[in-house]
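The structure is shown below.

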Amino acid sequence: MLDVSVLVYPGMSAFETGIVTEVFGLPRPEFDRPWYRLVVCAPSDAPVPMIGGATLTTPFGLTDFAAADTVIVPGVADVHRDPPAAVLDALRAAHDRGARILSICSGAFALAAAGLLDGRRATTHWRYADLLRRRFPAVHVDPGVLYLADGDVWTSAGSAAGLDLCLHVVRADHGAAIANAVARRLVVQPHRDGGQAQYIEAPMPADVGDDRIARSVDWALAHLAEPLSVDVLARQAHMSPRTYLRHFTRATGTSPIRWLIRQRVQASLALLESTDTPIEQIAAAVGFDTPVTFRHHFAATMRTSPSAYRQAFRTERSAATR
């Protein structure tokens, strides 16, 4: 059982703590394997005031916080000031023990103040990225990604990206199948790679008008290994290619082909993580014409090669298990 601790602080939103609780705190007897043990920790014995007038009390303090295998800071009270010295000392103690350190959103400021991000790549919410760079010039800030794992210190962007990072932890610890099952329970996308942009400029309409696009998407996901084109997808939606392209772009903010490439890359991740299937066979299994095409699109999407991803994932999972 992996111990996970999360820090609460005055003025926080319950959402970030709720993310951690949903992923690591709920029992998962359906997996028939040891799950995480979560403790919610506070810097002192005093009740912690939260947004909306609620208060939170917990019997766990900074000693418990620093003793966990995975230590999570879901934010800070003030991005312009360092957290209390006792919090920074607890983070350093956890890191010195070899704990995996995570931050969500503005929590990166606490990690940076503790010196844990010096010389590392890190991210935070895009609105705080310039401030993080100015306050901590030794940190290599990347404001355009959802999350980053640099060694044993992992950072994420805004609140929802914290959910992506927590699911990435589950993938590293338990594999893709378990992480996907947790995502289904949460009714969220199973995997968004860390290099994905934090936000999309194109607005997402609330209503496409009918479910024809949704049906074509579901059909495409079930037939990724087959040759697919805009014409093929348009026939599934009973639209002309031109009409389908317009409706699809309005509904998703991207083109059908770009969407298809990303889905095929994502479908390859589980095969790379859990099997020794050759790259050439994986490319064919997820619908790429050639291994060269697969490697090109994989590198553009994941910012690494399929072979390097496979090795890095297994190394990361092995380290997490140890």
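In this predicted model, helix 1 and helix 6 are roughly parallel to each other, because the angle of about 20° between them falls under the limit of 35 degrees for that description. Helix 1 covers residues 14-25, helix 6 covers residues 159-174, and their axes lie 10 Å apart. The crossing of these two helices is right-handed. On the side of helix 1, the contact is formed by F15, E16, I19, V20, V23 and F24. Helix 6 contributes S159, A160, G162, L163, C166, V169 and V170. Sorted by class, the residues of this contact comprise 10 nonpolar, two polar and one charged.

A second pair of helices has another arrangement to consider. Helix 11 (residues 256-274) and helix 13 (residues 291-302) pack at about 95°, with 10 Å between their axes. Helix 11 is therefore roughly perpendicular to helix 13, since an angle from 65 to 115 degrees is described in this way. Residues I261, R262, V265, S268, L269 and L272 of helix 11 meet F294, H297, F298, T301 and M302 of helix 13. This contact of helix 11 with helix 13 is made up of seven nonpolar, three polar and one charged residues.

| Helix pair | Angle | Axis separation |
|---|---|---|
| Helix 1 and helix 6 | about 20° | 10 Å |
| Helix 11 and helix 13 | about 95° | 10 Å |

Attention now turns to individual residues. G18 is located in helix 1. Its relative accessibility is 26%, so G18 counts as partly exposed; that class lies between the limits of 20% and 50%. In sequence, G18 and P74 are separated by 56 residues, while their C-alpha atoms are 9.9 Å apart in space.

Where does D142 lie? D142 is found in the loop that connects strand 8 (140-141) with strand 9 (147-150). Is D142 buried or exposed? D142 is buried, because its relative accessible area of 17% is under the limit of 20%. Leaving aside residues up to four places away in sequence, D142 touches R121, A122, T123, L148 and R303.

How values were computed:
Residues are numbered from 1 along each chain as its sequence is written. This is a predicted model: local features need pLDDT of at least 70, side-chain atom pairs count only at pLDDT 80 or more; totals for chains, interfaces and linings use all residues. Side-chain values use heavy atoms; hydrogens and water are left out. Helices (H or I, at least four residues) and strands (E, at least two) are DSSP runs, numbered from the N terminus. Buried means under 20% relative accessible area, exposed over 50%, partly exposed in between (1.4 Å probe, protein chains only). Contact means heavy atoms within 4.5 Å. Axes are lines fitted to C-alpha atoms, for helices over the stretch in contact, and angles run from 0 to 180 degrees between N-to-C directions. Angles under 35 degrees count as roughly parallel, over 145 as roughly antiparallel, 65 to 115 as roughly perpendicular and the rest as oblique. A crossing is left-handed if the near helix is turned anticlockwise from the far one by less than a right angle, and right-handed if clockwise. Ala, Val, Leu, Ile, Met, Phe, Trp, Tyr, Cys and Pro count as nonpolar, Asp, Glu, Lys and Arg as charged, and the others, Gly among them, as polar.
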